[in-house]
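Visitor: Hi, could you walk me through this model?
Guide: Happy to, here it is.

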Amino acid sequence: MRVVHEGNDFDLDAAQQAVADLLVALGQDPTSEHLVDTPKRVAQSFAEMLSPRQFDLTTFPNEEGYDELVVAKSIPVQSLCQHHLLPFHGIAHVGYLPGDRILGLSKLARVVELFARDLQVQERLTQQIANWVQNHLAPKGVGVVIEAEHMCMSLRGVRVSGSRTVTSAMQGLLREDARSRQEFLALAGVV
């Protein structure tokens with residue numbers, strides 16, 4: 001199955017004009033030698049940051065009956081804050097208790113990117129990843145933890161560089177069974 005992100009129809013011309021207008025509003029001259037290509041570069045940058053790569057969903061029968069956790073740790077995550085259009089970045093830990101099928105390991109990183117390449121809030125991003133794994137793999141449980149630094153906190157406002165926000169989403173046995181949840185958190189290295 002080919003996984004394609006829906007939405008994000010970009011109007012690069014309109015985005016370029018908006019950036020030029022913003023430069024003017026900030027007291028800058030968008031026709032100056034240093035800024036003349038900035039609207040185009042910024043529009044293309046946002047289009048790139050908001051466009052996840054397509055991928056093929058690869059699952060395999062769980063013929064061995066593997067019933068322990070599968071955890072991909074420290075998956076890099078970068079996204080854009082929906083409230084400030086500033087980046088946030090960090091790592092995601094994604095794990096699941098297999099049911100009838102197991103997932104190609106690279107697909108966990110691809111699912112993180114699928115939802116991160118959008119205007120986001122970290123809480124929703126965490127839940128979207130967990131829901132996707134649950135809905136497409138039907139595991140016995142799924143857990144997602146994201147640790148990220150938000151530039152909207154580091155560069156502006158409170159200006160606390162290095163502060164990390166941690167969010168989690170647990171489903172199935174990882175939510176219902178305290179020992180399974182604790183094992184996932186320990187393997188992910190967050191407890």
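Visitor: Are Phe-55 and Trp-132 buried or exposed?
Guide: Phe-55 is buried, and Trp-132 is buried too. Buried means under 20% relative accessible area, exposed over 50%, and partly exposed in between, with a 1.4 Å probe and protein chains only.

Visitor: Before we go on, what are the ground rules here?
Guide: This is a predicted model, where local features need pLDDT of at least 70 and side-chain atom pairs count only at pLDDT 80 or more, while totals for chains, interfaces and linings use all residues. Residues are numbered from 1 along each chain as its sequence is written, and side-chain values use heavy atoms, with hydrogens and water left out.

Visitor: Great. How many aromatic pairs does the structure hold?
Guide: The structure holds 1 aromatic pair. The ring centres of Phe-55 and Trp-132 are 6.3 Å apart and the planes are at 55 degrees, so the pair is tilted. Rings of Phe, Tyr and Trp (its six-membered ring) pair if their centres lie within 6.5 Å; planes under 30 degrees apart count as stacked, over 60 as edge-to-face and the rest as tilted.

Visitor: Where in the chain do the partners sit?
Guide: Phe-55 is in strand β2 (residues 55-56) and Trp-132 in helix α4 (residues 122-137), 77 residues apart, so the pair links distant parts of the chain. Helices (H or I, at least four residues) and strands (E, at least two) are DSSP runs, numbered from the N terminus.

Visitor: Switching topic: which residues of α1 are buried?
Guide: Val-19, Ala-20 and Leu-23 are the buried ones in α1. Seen down the axis of α1, they fall within an arc of 100 degrees, so they line one face of the helix. That arc is taken from the directions from the helix axis to the C-beta atoms.

Visitor: What do they pack against?
Guide: The buried residues of α1 pack against α2 (38-49), with contact meaning heavy atoms within 4.5 Å.

Visitor: And β8, how many of its residues are buried?
Guide: In strand β8 (residues 141-150), 10 of its 10 residues are buried.

Visitor: Which strands pair with β8?
Guide: Strand β5 (residues 87-97) pairs with β8 in the antiparallel sense over 10 bridges, and Ala-92 stands opposite Ile-146. Strand β9 (residues 165-172) also pairs with β8 in the antiparallel sense, over 8 bridges, with Gly-143 opposite Met-170. Two strands pair if DSSP finds at least two bridges between them.
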